[in-house]
Amino acid sequence: MRDPLLALVLLAGCATASSGGGTPGAVAPRTGNVDPLHLPAVSWSGEEQAVHVLNRLAYGPSPADLQQVEQMGPATWIAWQLRPADIEDAAVDRRLADFPSLSMSTAELVAAYPRAKKVAEAKGISLAGKSPEQMRAELVGVVEPFHLPRQVGAELVAARLIRAAESRRQLQEQLVDFWFNHFNVSADKGAVRWMVSPYEREAIRAHLFGSFRELLGAVAHHPAMLFYLDNWASTREGFNAPRRGRLGLNENYARELLELHTLGVDGGYTQQDVREVARCFTGWGIRKPNEDGSFEFHPQAHDRGSKRVLGTEIAAGGGMEDGERVLDLLASHPSTARFVARKLAQKFVMDSPPPALVERVAQVFLRTGGDLTATYRALFESPEFWSDAARAAKVKTPLEFTVSAVRALGGTTAGDVPMVQALARMGQPLYRAQPPTGWPEVSQPWVNPGALVARIDFGLRLASGRLTGTEVPLPAVDGAPDAVVDRTARAILHRPLGEQTRSTLLAALGVSEVMPDGEQRRVDGAKLVGLLLGAPEFQNQ
Amino acid sequence: MSAFSRRHFLRGAGALAALGSVPGFLGRALAASVPGSGKTLVLVFLRGGADGLSIVPPVGDPAYRAARPTIALAAPGKDGGAIRLDDVFALHPALSPLLPLWSDRTLAIVHAAGLPGATRSHFDAQDFCESGTPGLKSTADGWLNRAVQRSGGPEGAFRVVAIQPTLPRMLVGDAPAVAMSSLGQFRMPGGAAGGTAFDALYAQAVDTALRTTGIETFEALREAGSAKLAQLPPANGAEYGGAPIARRLQDVARLIRSGVGLQVAATDMGGWDTHVGEGTEKGQLASRLAELGGALAAFARDLGPRWADTRVVVMTEFGRTARENGNRGTDHGTASVMLVLGGGVRGGRVVGGYRGLAKSELFEERDLAIGTDVRSVLWETVQAQLELRDGSRVFPGFSPGTRVLG
């Protein structure tokens, strides 16, 4: 192990797992100024409540977080998670310091991680007319492999995985997942490869707990979105751009803004609205996308005429303010409130949330002017969130599954290639969802034989130490086999084993039979953990 | 046993397992059952809205070149020009690998195909193309799954396969279907012993979706492992190349050639959303078409005599605007083209209700108007390959008119 600190963390995890509880290393949080939630009464045990909360607001229970939620109580713990600035997270911050690209602007990223061809040209190497093999041969020794554009994506993925697994700001990390997905961009599309990291940092992470309007505005202004949905190239009809010839209107961003970001497809807009919204956003562009990559308004490209959006007149000559007016209209629209409320309820409560819940949360959204923290609060205080129907009712996404497996054992991940490839095999290559819809919020698309094989395979590889860069401490296996199986299953699945499942596990471990000398075989800890992580109970949350 | 009752039988088997019986033998017995007619339907979905007017350009339509001053393909015979098919239509030069299929009449082209009442949103248009119920969002299953449910096809784990990471909407439903990124990645984790354990764990799962998916999974894994499917080399000198769509179609060919009872296969391909810099005989669209054309040609060759029993449909969610936009690209439109390939196709023809690009003929004065309902072509294909007679449950509320493919 390279990092002595990491070794300590792992050892602490070992001790926790082997003693079936133990003292987690976490420091007691400062919670003096939180306003605890008003939770409905439930008949669940303290552990059951904590497990449910951690399954939804976090990436599954870790031994340390489970103990913390039980100690603080869910009402206080959730309130604390709603104020991530109050949560000390220095251990993760130190690990992220290994990734210089995380704090760079797009311009700095373009300069620090140039395309291989550009590096070659700068060194006077011509690649014209050469085959890919010849090019590769030419570039070896010229290009530094860790300073290619793909490194930006690799560091972003690693950071996401490390944070999901080990950050103490667990709700923040779930909300990054939710809102990035809601406002999806794909790193596979051209210059987005350099913009995606600033996008997550500046547009998404910075606005998770403020107002929806601020978040929407930050996304609308961000070059990653302007590029991904082509708005940077949309101009008034007939505009003659220097060096690029005659340009015109591009509806792509306008359509997805209405359909996916705000109103929802049944939110009551027409093709004419799409066109008018596109006209309002003409001129919202990017300063030199492959070089500088910052927002820039181009007044010459803007359609200066008057527009009519959702029945509201937007007077001529508004310039860049036209777009802001549209965002104001959309952010305060009841259809947006319902659309956002429903999606949040799908994420945090169940795939088909009751309409009454959606309506209640939507009303909070409207009443508070789209205050996201108040909206989340309403959701977590709802009786639906705390209903039996919601418990273990969702299938984990591949991200939730892999990270929760690491957390269940108090493990650690470097978030590198083997982990990333495993996610891709399960159908979720991070930051590379092509369509603006992002990944599905509901379970059904994630449950299919190919993905199931990938999940089972992941659990076995993780448990047997074959997933390089991601390590979990194995539980102690001393004692009678059935006691070991019960104890380990309890620690990973947080529910008692059925008789049938227990005998399946004991049979698979080969410990049912007694050796000739009368001794019983010892349980293979890695095999047991692999079986439990691949079991159907661990796919649910 | 019909697919429907089999599925329910398997669900029942899961419940039986909870009482102590082992369902493993059941999967093996089902996997070993004999394939039926041997016909296969392959559906290739081009995601992003592929531009039918560049794939099969109407070079004989005087309005074509005027609508697309910088991205129209050069006339047949000119340098980099399109390949003449008939008086009106030509083929994009990047699709030249398909010319032998056109010549031997196993490739038909349906022009101006689309789904009435659909939208210009990728999300919605794909959803409707896959649910088969345009305008109706609440349809829970996919048209292709409904078709499988009603066909008396072969039983077996590989009856319905999607070579893509997640099951496409069109295959969602009561008939069992398997999704996999590739055949090579589809193998039993933890070996035979692991398989036995997980088989039993999933047979006991409380979650219905996980239980039924688990039963399907272990059934298919046993069969793939025993047949070494993923290693089957191409036949007849077929060369697939390295494009993702080529590797996917090669896996479909492996399943067909090894006789595991493949009745329906689906896969998809992205990169068709050409808003900016679409290109002409070279460029963005040409690169995608070269990959697609090469893959389909290799697939046909690889199948050899099995090509006669195979039918491939290539479709997309919508076409693109008749006129190019301000970025030398095209925006979301309405009608596009479908390619129908295979032994039983009456090919070498461009069919469908193409009405031209004159302004008066365009839909909303901007898009190629729908001349042929996508569902007509799909229904005729389902009839031919799955031997169905009643389409009312596959495409509710739709009555096919005169035959498109003849």
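Colleague: Does B:Glu365 count as buried or exposed?
Modeller: B:Glu365 is found in the loop between strand S10 (349-351) and strand S11 (372-373) of chain B, where helices (H or I, at least four residues) and strands (E, at least two) are DSSP runs numbered from the N terminus. A residue is buried if 20 or more other C-beta atoms, placed from the backbone, lie within 10 Å of its own, exposed if 12 or fewer, and partly exposed in between. Because B:Glu365 has 10 other C-beta atoms within 10 Å, it counts as exposed.

Colleague: Good to know! Which pLDDT do local features need?
Modeller: Residues are numbered from 1 along each chain as its sequence is written, while chains are lettered from A and ligands numbered from 1 in the order in which they are written. This is a predicted model in which totals for chains, interfaces and linings use all residues, side-chain atom pairs count only at pLDDT 80 or more, and local features need pLDDT of at least 70.

Colleague: What is the mean pLDDT of chain B?
Modeller: pLDDT is the predictor's confidence in each residue, from 0 to 100. Over residues 1-36 of chain B, pLDDT stays under 50. Where pLDDT is low, the predicted coordinates should not be read in detail. In chain B, 90% of the residues reach 70 or more, and the mean is 87.

Colleague: How many C-beta neighbours does B:Glu387 have inside 10 Å?
Modeller: B:Glu387 lies in the segment after helix H12 (374-386) of chain B. Although B:Glu387 is not a glycine, its phi is positive, at about 55 degrees. B:Glu387 counts as partly exposed, because its number of C-beta neighbours inside 10 Å is 13.

Colleague: Over to chain A: which residues does A:Phe365 contact, leaving aside its neighbours within four places in sequence?
Modeller: A:Phe365 is found in helix H18 (residues 355-367) of chain A. A:Phe365 is buried because it has 27 C-beta neighbours inside 10 Å. Two residues are in contact if their C-beta atoms, placed from the backbone, lie within 7 Å. Leaving those sequence neighbours aside, the contacts of A:Phe365 are A:Ala337, A:Val340, A:Ala341, A:Gly370 and A:Thr375.

Colleague: At roughly what angle do the axes of helix H14 and helix H15 of chain A cross?
Modeller: Axes are lines fitted to C-alpha atoms, for helices over the stretch in contact, and angles run from 0 to 180 degrees between N-to-C directions. In chain A, the axes of helix H14 (residues 252-261) and helix H15 (residues 271-280) come within 8 Å, and they cross at roughly 120 degrees.

Colleague: And which residues of H14(A) meet H15(A)?
Modeller: On the H15(A) side are A:Asp273, A:Val274, A:Val277 and A:Ala278; on the H14(A) side are A:Ala254, A:Arg255, A:Leu257 and A:Leu258. By class, this contact of H14(A) with H15(A) has six nonpolar, no polar and two charged residues. Ala, Val, Leu, Ile, Met, Phe, Trp, Tyr, Cys and Pro count as nonpolar, Asp, Glu, Lys and Arg as charged, and the others, Gly among them, as polar. So the residues you asked for in H14(A) are A:Ala254, A:Arg255, A:Leu257 and A:Leu258.

Colleague: Last one: which element gives the most to the side of chain A that touches chain B?
Modeller: Between the chains, 44 residues of chain A are in contact with 42 residues of chain B. Elements of chain A that each supply at least two residues to that side include H14 and helix H22 (449-463). The residues on the side of chain A divide into 18 nonpolar, 19 polar and seven charged. With eight residues, the element that gives the most is H22(A).
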